[in-house]
Amino acid sequence: MDLSIVELLKVVVLGIVEGLTEWLPVSSTGHMILVDEFIKLDVSKDFMDMFLVVIQLGAILAVVALNFEKLNPWSDWKTKQEKRDTFSLWWKVILACVPAAVIGLAFNDYMEEHFMTAPVVAATLIFYGALFIWIENYNKHRRPRINDLARLDYRTALIIGMFQVLSLVPGTSRSGATIIGGILFGTSRIVAAEFTFFLAIPVMFGASLLKLMKFGLHYTGAEIVIMVVGMVTAFIVSILSIKFLLSYIKTNDFKAFGWYRIVLGIIVIAYLFLVGDPTVDNH
């Protein structure tokens, strides 16, 4: 392949899209599938399928970098109780990962074969966008019972993990599904968002490792450069995206994201009618 400046700029654009959409409840996978149809990298389909997952490593490293002290149970700055609380948080994260891990490993190939399409993305964008708006209206006069991450119980953590299973369908949004689950079952928006960030760590590391193993460890120099540039871009943009979301939801709800999803879904449907399904050639 010709690793030109144009190709590297395409990788940077994909990294920006990943970093922006991974943490906002708008579906990173859905956006990456759609953007990939207009920004074609000069790589094999197998490499591209792997790259669209592995680029998430850059995004997840941003969570680790921003929250290293909070996530580190061995920190010298923490009291014994704070260290116990941190271990407890990790156990809740692991418990919440179980449902998606079991279902994902069982149906991963089927999902990729039948659901990685533009019509599915459009439908889920609209459905969960409307759901976000409905939930925020429903939740308007309710007071959250969990306003601190340390008060999140194991039962609620598991329920949030069950909602994560929904995100196996592209266009749903992993963060969107888990935030919806958290809000419905009594967490504040901040707690739902923070737990979603931490829940992503083992999920996305696991998904990336699985993709790397399936692809094999034989990469050209150009392919290594593409992965590094994509992950570094996603890392930088993710830091900004996470800080923005946590600041935004202190004084705002998620309705704006719901409307964005609906509008984007309608645009995708219009594109399908006018041009046809851009993903049909890949399946």
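How much of residues 114–135 is helix, and how far apart are the end C-alpha atoms? The span is 86% helix and 0% strand, with its end C-alpha atoms 29 Å apart. The model is predicted. Its mean pLDDT is 88, and 97% of the residues reach 70 or more.

**Confidence**

- Helix H8 has the highest confidence, at a mean of 96.
- Helix H2, residues 28–38, has the lowest, at a mean of 76.

**Annotated spans**

- An unreviewed UniProt entry lists "transmembrane region" for residues 50–68, 89–108, 114–135, 156–184, 190–212, 224–246 and 258–276.
- Residues 50–68 are 89% helix and 0% strand. The end C-alpha atoms of this span lie 27 Å apart.

**Helix H9 and its ends**

- Helix H9 covers residues 174–184. Ten of its eleven residues are buried, so the helix is largely enclosed by the rest of the structure.
- The buried residues are Arg 174, Ser 175, Gly 176, Ala 177, Thr 178, Ile 179, Ile 180, Gly 181, Gly 182 and Ile 183.
- Their cover includes helix H7 (118–139), helix H8 (154–164) and helix H10 (189–215).
- Ser 173 sits in the loop between H8 and H9. Ser 173 is not a glycine, yet its phi is positive, at about 90 degrees.
- Ser 173 has 5% relative accessibility; it counts as buried because the cut-off is under 20%.
- Gly 186 follows H9 and has a positive phi, near 105 degrees.

- In helix H4 (residues 56–66), the buried residues are Gln 56, Leu 57, Gly 58, Ala 59, Ile 60, Ala 62 and Val 63.
- These residues pack against helix H1 (5–21), H2, helix H3 (45–54), helix H5 (68–71), H10 and helix H11 (221–248).
- Ser 27 lies in the loop between H1 and H2. Ser 27 also has a positive phi without being a glycine, at about 80 degrees.
- Ser 27 is buried, at 1% relative accessibility.

**Second largest pocket**

- The volume of the second largest pocket is about 230 Å³.
- What kinds of residue line the second largest pocket? Seven are charged, three are nonpolar and two are polar.
- The lining consists of Lys 70, Lys 78, Glu 82, Asp 85, Thr 86, Ser 88, Leu 89, Lys 92, Asp 148, Leu 149, Ala 150 and Glu 194.
- Helix H6, residues 80–114, gives the largest share of this lining, with six residues.

- Is Phe 195 buried or exposed? Phe 195 is buried, with a relative accessible area of 0%.
- Phe 195 is in helix H10. Beyond its neighbours within four places in sequence, Phe 195 contacts Leu 89, Lys 92, Val 93, Ala 96, Leu 149, Leu 152, Ala 157 and Ile 160.
- Among these contacts, Leu 89, Lys 92 and Leu 149 also line the second largest pocket.
- Phe 195 and Ile 269 are 74 residues apart along the chain, and their C-alpha atoms are separated by 33 Å.
- Phe 244 is in helix H11. Phe 244 is partly exposed, with a relative accessible area of 43%.
- Phe 244 touches Leu 24 and Phe 257, not counting residues up to four places away in sequence.
- The C-alpha atoms of Phe 244 and Ser 175 are separated by 15 Å, with the two residues 69 residues apart along the chain. Ser 175 is one of the buried residues of H9.

Key:
Residues are numbered from 1 along each chain as its sequence is written. This is a predicted model: local features need pLDDT of at least 70, side-chain atom pairs count only at pLDDT 80 or more; totals for chains, interfaces and linings use all residues. Side-chain values use heavy atoms; hydrogens and water are left out. UniProt positions are given in the numbering used here, feature names are shortened, and annotations may be inferred rather than shown by experiment. Helices (H or I, at least four residues) and strands (E, at least two) are DSSP runs, numbered from the N terminus. Buried means under 20% relative accessible area, exposed over 50%, partly exposed in between (1.4 Å probe, protein chains only). Contact means heavy atoms within 4.5 Å. On a 1 Å grid over the protein atoms alone, a cavity is a set of points where a 1.4 Å probe fits but cannot get out, and a pocket is an open set with protein on both sides within 12 Å along at least five of seven lines; lining residues have an atom within 4 Å of a point. Grid points are joined across faces, edges and corners, and a volume is the space filled by probe spheres set on the points. Ala, Val, Leu, Ile, Met, Phe, Trp, Tyr, Cys and Pro count as nonpolar, Asp, Glu, Lys and Arg as charged, and the others, Gly among them, as polar. pLDDT is the predictor's confidence in each residue, from 0 to 100.
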